[in-house]
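Dear colleague,

Please find the structure below, handed over for your review. A summary of the findings follows it.

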Amino acid sequence: MKSLNNDISSFLNFRNNKLDSSLVFFTTNRKLTVFHVLLTLFLTFFVVNANAQYSLNKSYDNIEIRGNITPFYKFRIYPESDSLSLIKQHKNIMRLKDARIRLKGSSMKKFFEYELHLDFANLIDGTSNQPKMPVLDGYVTLNHHIETTLGYTKIPFSRESMTAIIYSPFLKRSMIIDEGQSRRDVGLHLQKGILSDKIKFYASYVNGLPEISKQQDDSLGNELITRLEMSWPSKMKHRGVDVAKSPIPVFSLGTAYRYSHKGKNWDADDETIWTGIDGVKQSLTTDFAINYRGIQLLIERNHISYDYDDLYIGTAEIDAVIASNPSYNPPWPDYPFVLPENQYTTGYLMQLTYYLKKFNSVFSLRYDQANINYSKNSEHQNFMKGKIEDTFAFAYNYRLNNHLSVLKVQIGKTIFSGTDIYGADLDYSKRPSMLEIRLGFQYIIG
Amino acid sequence: MFILYNIILLFFTNPLILIEKKPSNVKESSAIFWENKNLYVLGDSGQLLISDNKTSSYFALDFEDSEGIYVNDEHIFVIEERSRKVVILKKETLKKIAEKHIPFSGRLNRGFEGITYNTNSKEFLVITEENPCQIIRLDKDFNVIAYHDLQISEASDLAFFKNDIWVISDVNATIYKLDSNNFNVKESWAINVLNPEGITFSENQMIVVSDNLEKIYYYEIPQ
């Protein structure tokens, strides 16, 4: 401990001297000041890591430093004959998926637990010069009968979503989870396990916004998420691989419900799964998983319904005419309101994974479908079929050690079909199918 | 075909002979020790079972993350995983009389998993879970003598029995017998138990406890 303290102070002196000149540069550009501070923090912790210190103890106050770095190469193959291929075929890129550092700890014999989790890869955004939010988790938990968490963390709505990506055989989540709904949010999160955690209850009351915001939510309305998870014959952690090769079958069944009523559309276009709408958004998720002898089967269904509030578009002139002449026929039957059609999004996910321990290998097959923004009104063009994405994917992992240093390969083919109701590209089946290959390496710090 | 394969695997690769199993009724049973006809089972958050042939007594002790237990004539030694401590209790009263810090800077939840005592070398031995999986040799005052990297990748508990060190791994579902001088693996056996977290020996049985299932398994001692 003594040597660590010396190391940190000498390192900070060294690092501050080195960074003085860069500080001048960065402070001349306000957009990069945040980046500079975070970079300094990251480098501080990195050098602490280099000194082989990953955890610190002060009686029953403990803190650890972890993180992961995951670069990968992504390339896509489209049919040569398609005109869109000419646009998209040059989009093959190398990317930094994760550059994460995590401080996690507890005090008073775990009466308090906390986490600060940053992802520096989030600061890189090819479409904007604005820095993006690097916070993945920032919360404190009080453990007293019920785990009560305040802050920004994962929302408990789906087993796939609650499984950290480092424990998944894939580099990218299924469409319905990855882009379906916000997966993290700031607010109050409660958790309680009974019967040795074979039954777990979750509830979160959060902003219901797609990202952390300092602004008042002018759309009004928060989001409530509840989840019930039952496992048998023992609790089942949120992991994507049955590493322990369970000698007996272990099952888990979960169901989650989300509700929000807002006054504004978020992320709303025809192809997007909307985070929030001007109206009531409800979501029901059901998931089932089983682990047995290195095999894991995961099945999920996510269903979202959008019930729009009626739009008031009356005018004072027409109102005055109706008031003065009761026999006057309004311009349309529901005047002064327009009653938007409800829309729906449904997604499925099936994933079968096998851990071949002898060869340090993981094989996984996944099928997922997202049927985005469809209508149940047969008069509409998107009747029961909105924009549909079917993805068939295969993943192979080679585990270089037990510490999740993993070479990951993911091959996926996505086929588009269905229609939308408003846009110019009504028939999505005209889009070329996409073959995407991702090659990545995941290294865990800590 | 798959089921058949596993049945064959079970018959031909698992020579451990199960005698009986019982519920421990200790939440997250993570440590077990047999001493003088008494069986001690300790849970993650401090629930302690002391059982003899006739009675079972449960105690609620104040621990953070208790993962290993060793008992001698006068004291109970409990290892705290996250806080890197050995906590010493008076055996008769279960009162804490001392705690000793053992330096180890691995991940908090990949810390100490078990404690035992080598009666030949007069040293305490503590085992760490993984990354690295080590045995730490301690003198009678719990000063570190040495850290030894093991050939095995993950450990959940250890026991000293008949001049050998026995290590159980839940992730590998394996029991290892190690040479007590150089810690090399001498033999190993697959164990068909979900999440085995503790191992100890009575005079004629090997006893294993499952954390998730909260059950105690009694085996013939493998030869």
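Chain B and chain A bury about 2,900 Å² between them, with 48% of that area on carbon and sulfur atoms. Please note that this is a predicted model. The contact draws 34 residues from chain B and 33 residues from chain A.

Across the interface of chain B and chain A, 19 residue pairs are in polar contact, both residues being at pLDDT 80 or more. On the side of chain B that touches chain A, at least two residues each come from helix H1 (2-13), strand E8 (85-90) and strand E9 (96-101) of chain B. H1(B) provides the largest share of that side, three residues. Sorted by class, the side of chain B that touches chain A comprises ten nonpolar, eleven polar and 13 charged residues.

Three salt bridges are also found across the interface of chain B and chain A. One of them joins the side chains of Glu64(A) and Arg107(B), at 4.0 Å from N to O.

The largest cavity holds about 60 Å³ of space. Its lining is formed by Arg159(A), Glu160(A), Thr163(A), Ser168(A), Pro169(A), Arg239(A), Gly240(A), Gln296(A), Leu298(A) and Gln351(A). Helix H4 (159-162) and strand E12 (295-308) of chain A are the elements that give two or more residues to this lining. By class, the lining of the largest cavity has five polar, three charged and two nonpolar residues.

With kind regards

Terms used:
Residues are numbered from 1 along each chain as its sequence is written. Chains are lettered from A and ligands numbered from 1 in the order in which they are written. This is a predicted model: local features need pLDDT of at least 70, side-chain atom pairs count only at pLDDT 80 or more; totals for chains, interfaces and linings use all residues. Side-chain values use heavy atoms; hydrogens and water are left out. On a 1 Å grid over the protein atoms alone, a cavity is a set of points where a 1.4 Å probe fits but cannot get out, and a pocket is an open set with protein on both sides within 12 Å along at least five of seven lines; lining residues have an atom within 4 Å of a point. Grid points are joined across faces, edges and corners, and a volume is the space filled by probe spheres set on the points. Helices (H or I, at least four residues) and strands (E, at least two) are DSSP runs, numbered from the N terminus. Ala, Val, Leu, Ile, Met, Phe, Trp, Tyr, Cys and Pro count as nonpolar, Asp, Glu, Lys and Arg as charged, and the others, Gly among them, as polar. Contact means heavy atoms within 4.5 Å. Buried area is the accessible area (1.4 Å probe) that two parts lose on being put together, summed over both. A polar contact is a pair of N or O atoms within 3.5 Å; within protein, one must be able to donate a hydrogen and the other to accept it, and residues adjacent in sequence count only if both atoms are side-chain atoms.
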